[in-house]
Amino acid sequence: MTNIQSKTEHKELKLSGYSIHYFVTGDSTKEAILFLHPAFADHNSFDKQTDFFSRDFRMITIDMLGHGLSKADKAKDKIDMTVSHINTILSLEGYEKAHFVGVSMGSLIAQYYGLKHPEKVTSMTILGGYDINADNSEISKAQRLEQFKWIFKAMISMKRFRRYVANFSVENPDEKQKFYEMSKNFTRKSFLVMAGLGNVLKKREGLTIPYPILILSGEKDIELSKKSSKKWHDSILNSNYYLIENAGHCANMDYAARFNEVVMNFLKKSIYL
């Protein structure tokens with residue numbers, strides 16, 4: 001059977017002082033699957049997922065505020081407003097709910113959406129993430145040190161900053177270069193919108209996850225990230241966990257074939273629950 005690549009439509013959601021750019025691929029009569037990218041990257045981080053998932057789903061990818069084509073410009077909103085952007089986009093595309101796949105920062109935003117609108121989440125896949133509602137003091141401490149490095153490098157040279165985050169995010173040399181190219185759209189002004197993560201990451205008790213969840217880690221990711229993901233999985237009953245071999249933090253880029261297979265198996269299982 002001939003593999004026919006699906007056409008991707010580029011759309012723009014115009015808001016006050018900025019626009020959110022998003023991309024849709026696949027049959028609009030099929031279930032929606034929405035992908036959220038890591039910090040400093042954009043929708044192109046899912047290039048190796050597009051043809052694969054759009055065969056069975058209507059695939060939606062978003063350039064979150066301050067990333068990719070969604071420039072910060074005169075925006076007063078922060079990254080946590082992505083929840084509102086997603087709601088609007090799903091409505092415009094004719095969907096009441098969707099499967100969510102979030103990578104790194106995208107996994108935090110995906111969870112935040114699930115916290116606000118659990119009834120609109122069919123399933124959730126988390127890669128390189130952790131529970132936004134838990135006591136994340138150890139992670140927060142490590143991230144503050146990391147953020148200091150980012151800001152210091154960005155003050156000296158954005159090129160130096162971009163090389164640093166690309167090397168951290170992926171293992172494959174070609175994917176490092178791809179990540180670096182994506183990060184060129186992340187500017188010093190983009191740092192301002194990231195403050196919205198403060199609203200996302202808060203200790204919340206007594207919560208339950210009403211939808212199936214898959215938690216993934218890359219084998220070559222840092223130990224703290226892997227430990228946090230595994231600890232989260234161990235704390236909830238309706239979760240699945242998988243370690244993707246030979247892959248870094250953004251395993252969907254490093255080892256796309258395995259990532260795609262694991263996620264698709266989970267999705268098929270979730271659909272027929």
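1. Asp42 has contacts, meaning heavy atoms within 4.5 Å, with His37, Asp63, Gly68, Met182 and Asn185, leaving aside its neighbours within four places in sequence. Asp42 sits in the loop between strand S3 (32–36) and helix H1 (47–53). Helices (H or I, at least four residues) and strands (E, at least two) are DSSP runs, numbered from the N terminus.

2. This is a predicted model, in which local features need pLDDT of at least 70 and side-chain atom pairs count only at pLDDT 80 or more, while totals for chains, interfaces and linings use all residues. Residues are numbered from 1 along each chain as its sequence is written, and side-chain values use heavy atoms, with hydrogens and water left out.

3. Buried means under 20% relative accessible area, exposed over 50%, and partly exposed in between (1.4 Å probe, protein chains only). A salt bridge is a side-chain nitrogen of Lys or Arg within 4 Å of a carboxyl oxygen of Asp or Glu. The side chain of Asp42 does reach the backbone nitrogen of Asn44, at 2.8 Å.

4. The structure holds 11 salt bridges. In one of them, the side chains of Glu9 and Arg58 meet at 3.3 Å, N to O. Glu9 belongs to strand S1 (residues 8–15) and Arg58 to strand S4 (residues 58–63), so this pair ties together parts that are 49 residues apart in sequence. Glu9 is partly exposed, at 33% relative accessible area, whereas Arg58 is buried, at 7%.

5. Arg58 also meets Glu93 in a salt bridge (3.6 Å, N to O). This pair links distant parts of the chain, 35 residues apart: Arg58 is in strand S4, and Glu93 is in the loop between helix H2 (82–92) and strand S5 (98–103). Arg58 and Glu93 are both buried.

6. A further salt bridge joins Lys230 and Asp234, with the closest N and O atoms 3.1 Å apart. Both residues lie in helix H9 (residues 223–235), 4 residues apart, about one turn of the helix. Lys230 is partly exposed at 34% relative accessibility, and Asp234 is exposed, with a relative accessible area of 53%. Elsewhere, salt bridges that share partners join Glu9, Lys11, Arg58 and Glu93 into one network.

7. Helix H4 (residues 137–156) and helix H5 (residues 158–169) pack at an angle of about 145 degrees, with their axes 5 Å apart. Axes are lines fitted to C-alpha atoms, for helices over the stretch in contact, and angles run from 0 to 180 degrees between N-to-C directions. From H4, the residues Glu146, Lys149, Trp150, Lys153, Ala154 and Ile156 meet Met158, Arg160, Phe161, Tyr164 and Val165 of H5.

8. Most residues other than glycine have a negative phi. Asp73, in the loop between S4 and H2, has a positive phi near 45 degrees. Asp73 is partly exposed, at 42% relative accessibility. Asn246 has a positive phi near 60 degrees and lies in the loop between strand S8 (239–244) and helix H10 (251–254).

How values were computed. Polar contact = N/O pair within 3.5 Å; in protein donor to acceptor, adjacent residues only side chain to side chain.
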